[in-house]
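Good morning, colleagues. I would like to take a few minutes to go through one model with you; please look at the sequence and the structure as I put them up.

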Amino acid sequence: MADTAPRTMIRTRGRKAVFASLSGRPGRRHPLVATAMVLPLAALLVVAFGGWEAVVTQASSVGVLLGR
């Protein structure tokens, strides 16, 4: 039983290496890809929580806080 932990760690590292090699650069994503991933969720949240008026109100409040 004492020898099972090191073998599990080796297998886990192997899987992570395989997935990292499939994605190209691990931890890096093109900004356009990130935007394309976020826009559907943002649209859903706009529809679910009050439309553009709430978004504009919050954005203007943040702008005032930032001094713009």
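Which pattern does the protein chain follow when read along the sequence? The pattern is α-α-α, and the chain has three helices and zero strands. Helices here are DSSP runs of H or I with at least four residues, strands are runs of E with at least two, and both are numbered from the N terminus.

This is a predicted model, in which local features need pLDDT of at least 70 and side-chain atom pairs count only at pLDDT 80 or more, while totals for chains, interfaces and linings use all residues. Residues are numbered from 1 along each chain as its sequence is written, and side-chain values use heavy atoms, with hydrogens and water left out.

Of the 68 residues in the protein chain, 4% are buried; buried means under 20% relative accessible area, exposed over 50%, and partly exposed in between, with a 1.4 Å probe and protein chains only.

Let me turn to helix α3. Residues 51-66 form this helix of 16 residues, and its first and last C-alpha atoms are 23 Å apart, close to the 22 Å expected at 1.5 Å a residue. That expected span is 1.5 Å times one less than the number of residues.

Within α3 we find Ser60. Its relative accessible area is 42%, so Ser60 is partly exposed. The Ser60 side chain reaches the backbone oxygen of Thr57 at 2.8 Å.

Key: Polar contact = N/O pair within 3.5 Å; in protein donor to acceptor, adjacent residues only side chain to side chain.
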